Amino acid sequence: MKIGPYCIFRLNGPAFLLNHSDPPINAKLINDNIYLLNQSDYGFFGATQTLINGVLTAHNDYGQQFYSSINQFYAELFHELHHVYQRNYIKNLKFDNPADLLTYPENERNFAIKQYENTLLLEMLLGAPDKFKLNLNLFFTCRIKREEIIGRKYLDYEKGAESIEGPAMFCEYQYMK
């Protein structure tokens, strides 16, 4: 993974832009490749990615009260940096369409089977190697059943979300380790 540009900010406060190839004209250079901006000028909010002067940039709000440590803040920023990397360098990656979430079917059988899928994935990762094949077969059986319940469109939505969020969550997890 190549570390892209990022910005750390506080709502209604300063924003610090780092590692950016084309800082905005109003950015004030305060140190080697660190620029000062106003959060309110750019409408930064939460942890995500934003185009700044045409360059996709990860950002995160260091003023949030829910972070239990500075490492958790930077782990989430690292997660967003991975999204910048994905969007810039992994051309065949299938992105999810967030609009599909608005019509995602609320079905208790689907959610129960999905939770069981997660248990199977964990078992494949941490469980006994001799049960891997059995758990993998059970996992795909669950997927087939869930397709019957919610349809291909929503399974494709989930795959898109998994292919984007899974690696980014792994990066966040590795950072926290």
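Two strands are taken to pair if DSSP finds at least two bridges between them. In this predicted model, strand β3 and strand β4 (residues 34-38) run antiparallel and are joined by three bridges. One of the residues concerned is Leu-29, whose bridge partner in β4 is Tyr-35.

The protein chain contains six helices and six strands. Along the sequence these elements follow the pattern β-β-β-β-α-β-β-α-α-α-α-α. The radius of gyration is 20 Å, whereas the globule rule gives 16 Å for 177 residues; the protein chain is therefore more spread out than a compact globule. Taken along the principal axes, the box filled by the C-alpha atoms is roughly 60 × 35 × 35 Å. Of the 177 residues, 36% count as buried. Among contacts between residues at least 6 apart in sequence, 56% join residues that are at least 24 apart.

The six strands form an open sheet with mixed pairing, in the order β3-β4-β2-β1-β6-β5. From one strand to the next, the twist averages 35°. Helix α2 packs on the sheet, where it touches β1 (6-9), β5 and β6 (55-61). The direction of α2 makes about 165° with that of β6.

Helix α2 also takes part in a helix pair. Two packed helices are described by the angle between their axes and the distance between the axes. For helix α2 (residues 70-89) and helix α6 (residues 152-176), the axes come within 8 Å and cross at roughly 145°. The crossing of α2 with α6 is right-handed. On the α2 side, the contact is made by Asn-71, Gln-72, Tyr-74, Ala-75, Glu-76, Phe-78, His-79, His-82, His-83 and Gln-86. On the α6 side, the contributing residues are Ser-163, Ile-164, Glu-165, Pro-167, Ala-168, Met-169, Cys-171, Glu-172, Tyr-175 and Met-176. By type, the residues of this contact between α2 and α6 divide into ten nonpolar, seven polar and three charged.

Terms used
Residues numbered from 1 in each chain as written. Predicted model: local features only at pLDDT ≥ 70, side-chain atom pairs only at ≥ 80, totals over all residues. Heavy atoms only, no water. Axes fitted to C-alpha atoms, helices over the stretch in contact; angles between N-to-C directions. Helix = DSSP H or I, 4+ residues; strand = E, 2+ residues; numbered from the N terminus. Left-handed = near helix turned anticlockwise from the far one by under 90°. Contact = heavy atoms within 4.5 Å. Nonpolar A, V, L, I, M, F, W, Y, C, P; charged D, E, K, R; others polar. Rg over C-alpha atoms; globule rule 2.2 N^0.38 Å. Buried < 20%, exposed > 50% of the residue type's maximum accessible area, 1.4 Å probe, protein only.
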